[in-house]
Amino acid sequence: MQFEFEIEEIQHKIDELTRFSEEKEIDLSDEINKLKDKRDIALKVLYDDLSDWQRVAVSRHPARPYTLDYIEMITEDFVELHGDRLFKDDPAIVGGLCKIDGKKFMVIGHQKGRTMKEKVFRNFGMANPEGYRKALRLFEIAERFKIPVLTFIDTPGAYPGLEAEKHGQGEAIARNLMEMSGLRTPIISVVIGEGGSGGALGLGVADKVFMLENSTYSVISPEGCAAILYKDPNRTEEAANNLKISSHSLLNVGLIDGIIDESLGGAHRSPECTAFNLKKVILETIKELEEIHIDELLKKRYNKFREMGIFYK
């Protein structure tokens, strides 16, 4: 990422010294540690003051952990469930039963790919209607067996192709919004990367909505906003900053319930550290939600979304 140029230079020096130390069998640990301290200070200063556009870049980092990565790091006994029982399976959304420290969850999330082959297979994390109907089927199973739902949001948006529209993309997302609002089991949603448009909201109606520190959540991508509102693709950075799509911006206006800290310099630098923080928040939150009677929980969930925004008569 361009704004990390200074940090990349320091990291390059660390790598060079480390290789030299190993090849020549010379102890350069003091010099290497000083450079690491310098890098960490620079990272903290930089990441404490990122613009919304810079956080968009971090949220899209190719090494950032995806849904299946977090499932592997924080859950046990994960059993993936496939298909919407109407048309087909959609690999852009994954879900199934799991345990977190022995606590049962139904986990569902968008899944992007690493290699080009995986990206095409997962459709770059952009779900078709079948994906949202699969998610709905898993929501209903969770409700039937009184299992809490955990969703991971990471998509640039629902797939906008002709076939998706033919198969009822808008209806599938709208149905999820309606059913999730009345689902009789606790729901926790976490934006782990990009939270784009209705594609994100189709998994985002929850009792508690969290964002990882460097994730984004918006009604439209900065590129789409620049093209539609400004008619100028060169104003993408301006669009991102005006949209206020970062976790800190959204917490300030009350659209999310909390921010989960990432490892220093972003989740991609230390996925295990970020996963530890994520797991801790999930377990603390589900304990809190399960102490509330389900009827009261549904009222709170309904009012939570009804009260969002400021309206003037």
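Colleague: In which helix is Thr285 found, and is Thr285 buried or exposed?

Modeller: The model is a predicted one, and in it Thr285 is found in helix H13. A residue counts as buried under 20% relative accessible area. Thr285 has a relative accessible area of 5%, so this residue is buried.

Colleague: Which residues does Thr285 touch, not counting residues up to four places away in sequence?

Modeller: Contact here means heavy atoms within 4.5 Å. With residues up to four places away in sequence left out, Thr285 touches Ile188, Lys208 and Phe210.

Colleague: Which elements are included in what covers the buried residues of H14?

Modeller: The buried residues of H14 are Leu297, Leu298, Arg301 and Lys304. Among the elements that cover them are helix H8 (169-181), strand E5 (187-196), strand E6 (208-212) and helix H13 (271-289).

Colleague: Why do the buried residues of H14 line one face of the helix?

Modeller: An α-helix has 3.6 residues a turn, so residues three or four places apart point the same way. On the other side of H14, Lys299 and Arg306 are exposed. Seen down the axis of H14, the buried residues line one face because they fall within an arc of 125°.

Colleague: Over which ring does the charged end of Lys304 sit, and how far is it from the centre?

Modeller: Lys304 is one of the buried residues of H14. A charge sits over a ring only if it is within 6 Å of the ring centre and within 35 degrees of the ring normal. The charged end of Lys304 sits over the ring of Phe305, and its distance from the centre is 5.9 Å.

Colleague: How many aromatic pairs does the structure hold, and is the pair of Tyr70 and Phe152 stacked, edge-to-face or tilted?

Modeller: The structure holds one aromatic pair. The ring centres of Tyr70 and Phe152 lie 6.1 Å apart and their planes meet at 45°, so the pair is tilted.

Colleague: How many residues apart in sequence are the parts that this pair ties together?

Modeller: Tyr70 is buried, with a relative accessible area of 0%, and Phe152 is likewise buried, at 0%. Tyr70 lies in helix H4 and Phe152 in strand E4, so the pair ties together parts whose separation in sequence is 82 residues.

Colleague: What arc do the buried residues of H4 cover around the axis?

Modeller: The buried residues of H4 are Thr67, Tyr70, Ile71 and Ile74. They are on the same side of H4 because they cover an arc of only 105°.

Methods. Residues are numbered from 1 along each chain as its sequence is written. This is a predicted model: local features need pLDDT of at least 70, side-chain atom pairs count only at pLDDT 80 or more; totals for chains, interfaces and linings use all residues. Side-chain values use heavy atoms; hydrogens and water are left out. Buried means under 20% relative accessible area, exposed over 50%, partly exposed in between (1.4 Å probe, protein chains only). Helices (H or I, at least four residues) and strands (E, at least two) are DSSP runs, numbered from the N terminus. The arc is that of the directions from the helix axis to the C-beta atoms. Rings of Phe, Tyr and Trp (its six-membered ring) pair if their centres lie within 6.5 Å; planes under 30 degrees apart count as stacked, over 60 as edge-to-face and the rest as tilted.
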